[in-house]
Amino acid sequence: MMDLSFILNELGEERDNYFNAVSPPIIQSSNFSFNTVTEMRNAMLDEFDTNLYSRGQNPTLTILRKKLAALDGAEDALLFTSGIGAISVPLLTLLKTGDHIIAIENPYSWTAKLFNDFLPKFGITTTFINGCDFDNFEKAVQPQTRLIYLESPNSYSYELQDIKRVADFAKARGIMTMIDNSYSTALFQQPIAMGIDLVAQSATKYIGGHSDVVAGVLTGSTTLIKQIFEHEFMNLGPAISPNSAWLLLRGLRTLPLRLQRSFESTKIITEWLSKHPAVQQVIWPFSADFPQSALAHQQMLGCSGLFSFTLKDSTFAKIEQFCDQLSHILIAVSWGGYESLILPVIASVKKQQYDLDNKQHQLIRMYIGLEDPDYLIKDMQQAFDHIA
Ligand SMILES: Cc1ncc(COP(=O)(O)O)c(C=O)c1O
């Protein structure tokens with residue numbers, strides 16, 4: 001891999017093209033002109049690598065595209081208006097009626113809806129499996145299986161898949177593989193090096209890092225990325241704005257620092273929580289008691305600041321009171337920004353549907369941002385005191 005500092009500070013930046021400005025410009029232009037018709041014709045023949053029209057490529061996006069591809073150790077990258085766009089558009093390109101997908105159970109909620117509601121409209125079916133057990137992949141394969149879809153770890157319950165083993169298995173059968181790597185980012189997990197074909201990420205999370213932009217990124221071989229670009233990408237129109245690309249470039253500069261800080265603080269907070277008398281369980285892949293801890297340490301270089309925990313007294317009212325009582329940690333969706341967040345599963349479960357025996361219902365998801373861990377611990381302690 002290229003030097004990380006080179007990727008983040010220099011790769012793709014051609015400062016003498018823009019007055020030696022240290023910060024790259026936002027090229028807020030929908031179209032680009034040519035000196036001759038011949039030049040234009042050449043551009044139209046190769047829109048993938050030319051600035052012609054910003055629904056395709058744009059110079060501000062190109063800087064970001066090069067950096068994100070290099071970070072993933074991939075040949076190329078494509079940017080989307082959301083993480084879910086970076087998942088749905090490639091699937092629509094690469095699959096056709098009659099094709100079958102094997103996907104891990106409990107992927108990100110809108111990914112699940114894609115498999116359950118959207119793709120069946122085109123005659124594409126999905127078998128969901130528990131990806132912790134490799135045998136389940138073998139059992140689920142059908143002659144029409146075209147894609148294996150992973151999310152390791154997934155959000156809320158953090159189950160892992162043995163990425164290299166699944167990639168090798170798929171390759172031997174000519175099945176494509178795709179992973180949602182939003183949780184780890186390229187810095188903590190390198191799926192391309194493990195043999196995965198396509199890597200999607202919600203750039204809204206750690207890459208943006210400041211809770212001010214929604215975007216997605218897909219990386220893979222030039223052949224696959226170009227195929228997606230030249231067909232469904234240009235037809236469906238999910239290109240991000242130059243302004244969003246610029247925000248992501250700015251976020252990238254500090255990605256290693258932010259990720260490391262979030263990781264270190266999460267170690268402190270998950271340890272504190274796991275010893276807390278009001279807490280039943282903490283679920284985080286780098287916790288010593290995590291069931292797949294060995295695999296986590298084998299294929300991840302670090303762990304994100306997203307984890308879940310449960311209360312010993314897990315009634316609907318107690319969970320709600322605990323979360324409502326927090327005064328610095330915000331009740332909100334998403335994660336990967338500077339601010340710590342809490343999201344209990346009960347936010348999407350009605351009181352009369354709440355099942356005290358359903359472990360999934362009890363989960364409280366937390367994201368640790370960049371605050372001082374002691375500041376967050378104090379906030380949680382006063383909330384625990386309140387519900388005691
Ligand atoms: C794991 C995961 N994947 C994908 C997405 C979708 O990303 P976006 O919201 O940028 O579309 C999210 C968003 O919460 C997520 O948590």
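Where is the place of Asn106? Select it to begin: Asn106 sits in the loop between strand 2 (100-104) and helix 5. Keep in mind as you go that this is a predicted model.

**Two backbone stops**

While Asn106 is highlighted, check its backbone: phi is positive, at about 55 degrees, although Asn106 is not a glycine. Next, move to Pro153, in the loop between strand 4 (145-151) and helix 7 (163-172). Show the peptide bond that joins Ser152 and Pro153, and you will find that it is cis, with omega at about -5 degrees. Both stops are worth a look because most residues other than glycine have a negative phi, and most peptide bonds are trans.

**The ligand**

Now centre the view on the ligand. At Gly83, look at the backbone, where an N or O atom lies 2.8 Å from an oxygen atom of the ligand. At Ser202, switch to the side chain, which places a polar atom 2.8 Å from a ligand oxygen. Lys205 also has a polar side-chain atom 2.8 Å from an oxygen atom of the ligand. Taken on its own, the ligand has 390 Å² of accessible area, and the protein covers 89% of it.

**The largest pocket**

Colour domain 1 (4-253) and domain 2 (255-387) separately. Both domains give residues to the lining of the largest pocket, so this pocket lies between them. The space in the largest pocket comes to about 900 Å³. Its lining has 36 residues; to find the centre, select Tyr108, Ser109, Ser155, Tyr156 and Arg365, which lie nearest to it. For the elements that give two or more residues to this lining, show helix 4 (83-94), helix 5 (109-118), strand 6 (198-202), strand 11 (341-344) and helix 14 (359-362). Colouring the lining of the largest pocket by residue class gives 17 nonpolar, 15 polar and four charged residues.

**The second largest pocket**

For the last stop, go to the second largest pocket, which holds about 330 Å³ of space. Select Glu14, Asn17, Asn51, Pro59 and Thr62: of the 17 residues that line this pocket, these are the closest to its centre. Apply the colouring by class here too, and the lining of the second largest pocket divides into five nonpolar, seven polar and five charged residues.

Technical notes
Residues are numbered from 1 along each chain as its sequence is written. This is a predicted model: local features need pLDDT of at least 70, side-chain atom pairs count only at pLDDT 80 or more; totals for chains, interfaces and linings use all residues. Side-chain values use heavy atoms; hydrogens and water are left out. On a 1 Å grid over the protein atoms alone, a cavity is a set of points where a 1.4 Å probe fits but cannot get out, and a pocket is an open set with protein on both sides within 12 Å along at least five of seven lines; lining residues have an atom within 4 Å of a point. Grid points are joined across faces, edges and corners, and a volume is the space filled by probe spheres set on the points. Helices (H or I, at least four residues) and strands (E, at least two) are DSSP runs, numbered from the N terminus. Ala, Val, Leu, Ile, Met, Phe, Trp, Tyr, Cys and Pro count as nonpolar, Asp, Glu, Lys and Arg as charged, and the others, Gly among them, as polar. Domain bounds come from an automatic or database domain assignment. A polar contact is a pair of N or O atoms within 3.5 Å; within protein, one must be able to donate a hydrogen and the other to accept it, and residues adjacent in sequence count only if both atoms are side-chain atoms. Accessible areas come from the Shrake-Rupley method with a 1.4 Å probe; for residues, only the protein chains shown count as cover.
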